[in-house]
Amino acid sequence: MSKVSAEMQCHKCEEYGEGSDRVKLHGSRRAALKVVKSDVLTDSAHQFSVLVDSVRDYAIYTLDVNGVITSWNVGAERIKGYSAAEIIGQHFSKFYTEDDCAAGLPMRCLNSAVVNGKHEAQGRRIRKDGTEFWADVVIQPIHEENGILSGFAKITRDITERRKSEERVHRLAHFDQLTGLPNRITSLARLQDMVNGGQAMSVIVADLVGLSPINDTFGRAAGDAMLNRAVARWVGAVSEQHWIGRLASDEFIVVLPGIIDGPELREICKKMISSLDAPVVGDGRQAYLAVNLGIAVHPVHGQSAAELLNNADLAVNQAKARGRNSYAIYKSAFRDLLESRLICETAIERALPDGEFELFYQPQVRLKDRRIIGAEGLLRWRHRERGLLTPDAFLDILEKSPHAHKVGSWVLREACMHAARVRQIGLSKYGVSVNLFDAQLRSGQLVDEVKCALADAKIPGSALHLEITENIILDHSDTIVPELHKLRELGVGLSFDDYGTGYASLSLLKRFPLSQLKIDRSFVQNLCGDQKDAAVVRAIAFLAREFQLQVVAEGIEKSGQHEQLHRLGCQLGQGFLYGKPVAGEELLRLYKDRLGRTSKSTKKIGFLN
Ligand code: C2E
Ligand code: CA
Ligand code: CA
């Protein structure tokens, strides 16, 4: 290294270099070199030159005042790829990218070094072979004894690897690894920035529905791939100035700057929903996903990112309650609803230990002779302030509360015990139907609980029917099939409740080991006046015959409905015509009473023994 003849200063107090080239340039004093005209110092200048020359991890070179390279160490050769012979005499702007050169960056760096006494920067530079690398650069002006600028000393370090790992860490901290979308922290920060900037916008919380059964059935890889497909479709459904982030495993945020209401917002929601109309494919599997959307608008629905997200969350819950593929815009009433929900949840917690739940029973009859074959157990809550409540007042909250499983187990045991008592008074073929909660199917304990309830009540499996709604079945898809088979092996009947109201009913008939279809009340209501309802009932009865299932019609209030249902091929019925739901004790009394009368008279109405 020649011509280093001025003060050089270490820009950072740190250990430079690695491995064999470890050279410590601690502090400006140690790194400083003053070349004066004494022989002793000329010796030390030579030593320093040798030292600099041997540094391999740093490009150390000098420029003249115009930026032409005047010296070149071995580190420079290694990092930039040019030998000293090749590069000395050329302009240092050779190392800058075309854009940087066009912007006049090389000379600006030199000016900055002169003006500030030193220039430090990081940027992309070019090697001889044309490849780019990240450089950490220090430029130091060199002055003659008389103060006149004679050139520059430049130290460049290749920090590409460090930049890469910094970028990796940054990506991990700020972006979701699976989708590459901004993660929760980044999304909230971005949203808050937009709020601070006064940006009017819609914030959508999108809840992807159906992923967990896919993970359970097809495995995580398929689930991940399908999630990515769904996200890609949403990206296609929004414009470029909109952005999407991932808040949690199946929860996303979609931010629509400038859109605050009206047709445009609805249009985007519909597009996001319909983007999932076609099945998604992943890992060679295919499945259907759905989405629920909750919307909060800035500034009307919130003054901070957290508040907007909170309210969009409330709205998405509302959308969920409306069913899959729904969207809801936040209303302050949602908050009131949440409050009453919380109050109700606390009350539910003590309702079971305090014995406030009761099971009512509604008789089920054989249509051809109106003989009673059993009853459906229906939950009631004797609320200490509000009186006797039917499920519509609390079921929605109970189902989603952590108490659903416990209440469901209680219902199951209670119903079996009641059936046992009825069978004991002489109705030997009497059975009971029990409605299942989603939580019971999810628990993995259902089969054992059913076995226990039957054994404790000392009744056979055939005396029990479990009623399942389509939504529950859809949510668990194939994962519950083995459990349902075990129940059937116990002789327990499986009934598909509210049949005809869902949308995947046909394929489910094939896959699930059902024994009974329960026609929804809505089809029975207008049966006598509505040709279409009659057609639905006829079709269900036909299906049931083909699949060898029993058909029960519910909500029968009039004799006309009874007659027609019988004509259309239904075997069993339930409704106010035969009896309203009543307390267990009362029903037992009624049965005893009727048993006494039946034995004395020749009345057709009786029991199936
Ligand atoms: P569901 O299973 O469809 O039960 C039938 C509902 O229709 C009952 O309402 C019953 O009182 C009513 N109903 C019966 N016959 C007639 C009629 O002729 N006309 C009219 N208008 N209504 C009739 P309920 O007892 O209010 O139960 C509502 C829903 O709550 C049930 O619908 C069921 O889905 C759920 N549910 C009730 N008990 C339980 C339970 O123990 N566990 C679970 N998981 N769900 C339950
Ligand atoms: Ca039912
Ligand atoms: Ca029903």
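This report walks through the ligand site, the calcium ions and some local details of a predicted model.

## Ground rules

The model is predicted: local features need pLDDT of at least 70, side-chain atom pairs count only at pLDDT 80 or more, and totals for chains, interfaces and linings use all residues. Residues are numbered from 1 along each chain as its sequence is written, chains are lettered from A and ligands numbered from 1 in the order in which they are written, and side-chain values use heavy atoms, with hydrogens and water left out.

## The shell around ligand 1

Ligand 1 is surrounded by 22 residues. A residue is near a molecule if one of its heavy atoms lies within 4 Å of it. The closest are Q362, R380, R521, E557 and F576. By class, the shell holds 10 nonpolar, five polar and seven charged residues. Here Ala, Val, Leu, Ile, Met, Phe, Trp, Tyr, Cys and Pro count as nonpolar; Asp, Glu, Lys and Arg are charged; the others, Gly among them, are polar.

For R521, the distance to an oxygen of ligand 1 is 2.6 Å. For Q362, the distance to a nitrogen of ligand 1 is 2.8 Å. For E376, the distance to an oxygen of ligand 1 is 3.1 Å. The protein buries 84% of the 790 Å² that ligand 1 exposes when taken alone. These areas come from the Shrake-Rupley method with a 1.4 Å probe.

## Where the shell comes from

Two elements give two or more residues to the shell: β16 (371-383) and β20 (493-499). Strand β16 supplies the largest share, four residues. Strands (E, at least two residues) and helices (H or I, at least four) are DSSP runs, numbered from the N terminus.

Domain 4 (341-514 + 579-604) and domain 5 (515-578) both contribute to the shell, so ligand 1 lies between them. The domain bounds come from an automatic or database domain assignment.

The calcium ion listed as ligand 2 is coordinated by E376 (OE), N435 (OD1), E467 (OE) and D497 (OD), at 2.1 to 2.3 Å. Donors are N, O and S atoms within 2.8 Å of the metal (3.2 Å for Na, K and Ca); water is not among the atoms, so sites may look incomplete. Along the chain, the donors of ligand 2 follow the spacing E-x58-N-x31-E-x29-D. E467 lies in strand β19 (residues 464-469) and D497 in strand β20, so the pair ties together parts that are 30 residues apart in sequence. E467 is buried, at 1% relative accessible area. D497 is buried too, at 8%. Buried means under 20% relative accessible area, exposed over 50%, and partly exposed in between (1.4 Å probe, protein chains only).

D497 bridges the two calcium ions, which lie 4.0 Å apart. D498 is partly exposed, with a relative accessible area of 27%.

## Two threonines

T62 lies in strand β3 (residues 58-63). T62 is buried, with a relative accessible area of 4%. Its side chain makes polar contacts with the side chains of T70, at 2.7 Å, and S71, at 2.5 Å. A polar contact is a pair of N or O atoms within 3.5 Å; within protein, one must be able to donate a hydrogen and the other to accept it, and residues adjacent in sequence count only if both atoms are side-chain atoms.

T179 sits in the loop between α7 (160-174) and α8 (184-196). At 18% relative accessibility, T179 counts as buried. A polar contact of 2.4 Å joins its side chain to that of D176. A polar atom of the T179 side chain also lies 3.2 Å from the backbone nitrogen of L181.

## Backbone details

H298 and P299 are joined by a cis peptide bond, with omega about 10°. P299 is in the loop between β13 (290-298) and α12 (305-322).

Two residues other than glycine have positive phi. R370 has phi near 60°. R370 is in the loop between β15 (357-366) and β16, and is partly exposed at 24% relative accessibility. Q548 has phi of about 55°. Q548 lies in the loop between α22 (531-546) and β22 (550-554), and is exposed at 73%.
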